Amino acid sequence: MKKVSEMEFDEVGIVRKIEGNLRAQIAGMGIREGKKLRMATKQPIKGPVVVEVDKSFTSLGLRLADKIFVEVEK
Amino acid sequence: MEKILLMGNPNTGKSVVFNRLTGARVTVSNYPGTTVDFTKGWMKLEGKTVELIDVPGAFSLEPKDKAEEVAVKMLEEEKEAVVICLIDSSKAERGLYLTLEIIERGYPVVVALNMADVADSKNIMIDAEKLEQILGVPVVCTVAVSGEGIKELASRIKEATPVKIEKISKNASG
């Protein structure tokens, strides 16, 4: 498992763990355990990461992306 | 006076629907977060004048920013209001999350599956009838920018009723 913030470009992973009380905060953005994410863009200098979920894009602050863990597909 | 709140995720077309229903000209743009404050307008619904409130977009009812705070406050202040939940059909899951939160708080809801054209172009098909059966509230497909489905939406506002969340989860599993 690795953090969303550590995913490489175009890498696909399934959300396995969401730390702390973040679940309620990001569920409204379509991210929950079991969801498939694709890394779309990573902005430099601690910028946000953009992930694709269900054919739509969601940007996550680095603080959030550090607390979401995915299992990367081989 | 009866009040109707327009709620939904950011950038799902609440303000366009608001303009359509009231004939007003609220600023609309193609990026999220255009409405951070709320706008009020009036519309005629079967001979009665009702107040329509364009609420800023929110992802959930646990506010994370100023616009969401305004949205939650508005909802809590208008205990008697009917809520039109706008869902971007191409991002339905997020919209349904908010919709369920609003239903859970006991508000009568009408669901508008907006941007049906965008979903269509992405090959996303939503079974509105099935969704209506599961949720137990009116579900209407709309394309607010072209006006498609707006009349049906307006005509079904009166069918909005509060639904118990347990009933929805029962419908969804059975």
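Visitor: What makes helix α1 (residues 14–22) of chain B mostly covered?

Guide: In this predicted model, eight of the nine residues of α1(B) are buried, a word that stands for under 20% relative accessible area, with exposed meaning over 50% and partly exposed in between (1.4 Å probe, protein chains only). The buried residues are B:K14, B:S15, B:V16, B:V17, B:F18, B:N19, B:L21 and B:T22. The name helix is given to a DSSP run of H or I with at least four residues, and strand to a run of E with at least two, numbered from the N terminus.

Visitor: What covers the buried residues of α1(B)?

Guide: The cover includes β1 (3–8), β2 (39–45), β3 (48–54), β4 (82–88) and α6 (150–156) of chain B. Just after the helix, B:G23 has a positive phi of about 80 degrees.

Visitor: How do you know that the buried residues of α5(B) line one face of the helix?

Guide: In α5 (residues 128–135) of chain B, the buried residues are B:A128, B:L131, B:I134 and B:L135. Viewed down the axis, they fall within an arc of 120 degrees, the arc being that of the directions from the helix axis to the C-beta atoms, and so they line one face. An α-helix has 3.6 residues a turn, so residues three or four places apart point the same way. On the other side of α5(B), B:E129 and B:Q133 are exposed.

Visitor: Why is the pair B:E93 and A:K35 called a salt bridge?

Guide: The term requires a side-chain nitrogen of Lys or Arg within 4 Å of a carboxyl oxygen of Asp or Glu. The closest N and O atoms of B:E93 and A:K35 are 2.7 Å apart, so the pair meets that definition. Between chain B and chain A the count is two salt bridges.

Visitor: What is the buried area between chain B and chain A?

Guide: The two chains bury about 1000 Å², 48% of it on carbon and sulfur atoms; buried area is the accessible area (1.4 Å probe) that two parts lose on being put together, summed over both. B:K64, B:E93 and B:R94 supply 50% of the area that chain B buries against chain A, more than any other three residues.

Visitor: How are residues and chains labelled, and which limits apply to the values?

Guide: Residues are numbered from 1 along each chain as its sequence is written, and chains are lettered from A and ligands numbered from 1 in the order in which they are written. Local features need pLDDT of at least 70 and side-chain atom pairs count only at pLDDT 80 or more, while totals for chains, interfaces and linings use all residues; side-chain values use heavy atoms, with hydrogens and water left out.

Terms used. Contact means heavy atoms within 4.5 Å.
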